[in-house]
Amino acid sequence: MKSDSKPDVCVVGLGYIGLPTAAVIARAGCKVLGLDVSQNVVDTINRGEIHIEEVDLDGLVQGVVSRGLLSAATEIAPADVFVIAVPTPFDKDHAPDISYVLAAGRSVAAVLKAGDVVILESTSPVGTTDQLRDLIAELRPDLKIPGKTRDIPDVSIAYCPERVLPGRILEELTNNDRSIGGITPRCARKALAFYKRFVRGECVTTDARSAEMTKLVENAYRDVNIAFANELSMVADRMGLDVWEVIRLANRHPRVNILTPGPGVGGHCIAVDPWFIVHGAPEETPLIRTARGVNDHKMSHVIAKAEALVEANPEAKVACLGLAFKANIDDFRESPARFVTSRLARKFGSRIHVVEPYAAQLPIEFTDTGAVQIDIDDALETCEILIVLVDHDVFRVVPLAERAEKLVYDTRGIWPDQPRVVREEEARLALTA
Ligand SMILES: NC(=O)c1ccc[n+]([C@@H]2O[C@H](COP(=O)([O-])OP(=O)(O)OC[C@H]3O[C@@H](n4cnc5c(N)ncnc54)[C@H](O)[C@@H]3O)[C@@H](O)[C@H]2O)c1
């Protein structure tokens with residue numbers, strides 16, 4: 001690394017995590033090369049534009065690209081610090097797929113030099129950073145690799161997970177605390193010095209395996225607690241109770257904080273990461289596995305309940321509100337709202353009207369279903385049934401006067417003032433479904 005001085009940084013993978021990270025590092029004054037396998041992503045960023053939706057990211061990227069601090073390429077180049085933020089999906093048996101991490105590791109190994117720091121940020125099963133280290137050791141026998149030498153290693157390798165909330169990524173990238181796990185304590189210190197350049201939150205060092213597990217545990221914790229809320233919502237349907245009322249009252253207990261039910265759990269984190277723990281310790285994880293099952297089952301429950309409501313009112317037009325996996329974002333990956341709506345579209349065709357302000361057009365699976373996309377004003381004017389699947393602010397603010405006469409199935413509890421009589425009707429329909 002240059003002695004003064006700000007390191008040159010290479011961020012591998014320019015998606016929802018990599019691009020904001022690259023931009024924030026560039027804003028701190030480091031020269032950043034973003035590497036991506038997608039030519040379209042690279043060209044878009046080099047024009048100073050962005051290919052994802054994230055609050056304030058467009059202006060930041062435009063600024064750092066025009067100042068020459070951020071550029072993108074499909075070919076890697078030497079740098080002082082490498083940050084890897086590529087996908088870590090699972091396969092059809094829920095086994096983690098770290099092939100993207102290893103492919104990124106191969107790219108990095110090709111240009112690695114003494115003094116460099118390699119940091120994995122992708123959410124990863126425990127042991128992945130060790131595997132990345134082993135790969136680099138195999139490809140670069142000329143370098144002393146941490147954990148493989150008794151001498152001071154030539155390079156440092158660490159794991160530092162991301163815990164940002166889409167929609168608040170730029171703020172949280174800077175202000176959240178970070179867990180930084182080194183292959184060795186020295187690796188952790190090197191990575192810590194790098195994060196201190198742009199993170200205001202507290203940076204806590206640990207070993208790589210603990211840092212990997214910490215990220216998985218955070219999301220499994222959320223999944224298990226959401227599963228409890230979702231299970232309660234199905235119990236409440238069975239008993240004809242208003243789950244929102246029950247949770248509101250229970251949460252008055254000073255040590256109870258039940259989360260909010262929904263149509264299931266989506267996204268590429270909470271619905272995915274718990275499986276990495278289950279895969280690593282299958283015998284010891286009945287609770288985590290069951291929570292996954294409960295949250296997936298909630299989606300089928302919502303479909304059954306929505307179908308019953310639509311079938312019981314054959315003349316009614318139906319508006320499904322939202323496709324995203326959570327509020328106020330344009331991310332539709334693993335989204336229960338999208339899944340529920342596409343099932344309804346396949347069954348009820350042109351009766352289904354989809355309202356999703358964050359989608360320019362309907363996803364591919366809606367082709368030939370007859371379902372159409374409309375805006376919220378048209379939905380309120382023309383549809384008699386409203387099925388709330390995402391708690392976008394634009395839905396939340398619809399006043400009672402504009403929906404009091406509608407048949408509402410609110411899976412997110414955004415309209416607590418909706419007339420109770422409709423809720424009871426919904427419950428009756430669910431029970432007879
Ligand atoms: N999106 C989130 O909110 C979030 C939050 C916390 C952690 N994570 C984790 O961060 C990681 C990245 O997630 P994401 O949402 O940014 O993914 P993404 O799909 O949005 O972006 C990944 C990018 O990596 C590129 N890529 C794939 N293989 C590559 C390679 N070998 N070399 C260079 N580029 C490559 C892809 O083209 C893509 O542009 C995942 O492990 C995810 O679980 C995501």
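Trainee: Which helices each supply at least two residues of the lining of the second largest pocket?

Mentor: Those are helix H11 (286–311) and helix H12 (336–348). Helices here are DSSP runs of H or I with at least four residues, numbered from the N terminus. A pocket is an open set of points on a 1 Å grid where a 1.4 Å probe fits, with protein on both sides within 12 Å along at least five of seven lines; lining residues have an atom within 4 Å of a point. One caution: this is a predicted model, so local features need pLDDT of at least 70 and side-chain atom pairs need 80 or more, while totals for chains, interfaces and linings use all residues. Residues are numbered from 1 along each chain, and side-chain values use heavy atoms, without hydrogens or water.

Trainee: OK, and which residues lie nearest the centre of that pocket?

Mentor: Val 265, Asp 296, Met 299, Glu 334 and Ser 335, out of 15 lining residues.

Trainee: What does Asp 296 form a salt bridge with?

Mentor: Its partner is Arg 292, with the closest N and O atoms 3.3 Å apart. A salt bridge puts a side-chain nitrogen of Lys or Arg within 4 Å of a carboxyl oxygen of Asp or Glu. Both residues sit in H11, 4 residues apart, about one turn of the helix. In general, an α-helix has 3.6 residues a turn, so residues three or four places apart point the same way.

Trainee: Is Arg 292 buried or exposed?

Mentor: Arg 292 is buried, because its relative accessible area is 1%; the cut-offs are under 20% for buried, over 50% for exposed and partly exposed in between, with a 1.4 Å probe and protein chains only. Asp 296, at 33%, is partly exposed.

Trainee: Which salt bridge partner does Lys 347 have?

Mentor: Glu 307, at 3.5 Å between the closest N and O atoms. That pair joins distant parts of the chain, 40 residues apart, with Lys 347 in H12 and Glu 307 in H11. Lys 347 is partly exposed at 45%, whereas Glu 307 is buried at 14%.

Trainee: How many salt bridges does the structure hold?

Mentor: There are 23. Asp 130, Arg 133, Asp 134 and Lys 148 are linked in a network of them, and within it Arg 133 and Asp 134 have their closest N and O atoms 2.8 Å apart.

Trainee: Changing topic, why is H10 largely enclosed by the rest of the structure?

Mentor: Because 6 of the 8 residues of H10 (residues 273–280) are buried. Among them are Trp 275, Phe 276 and Ile 277.
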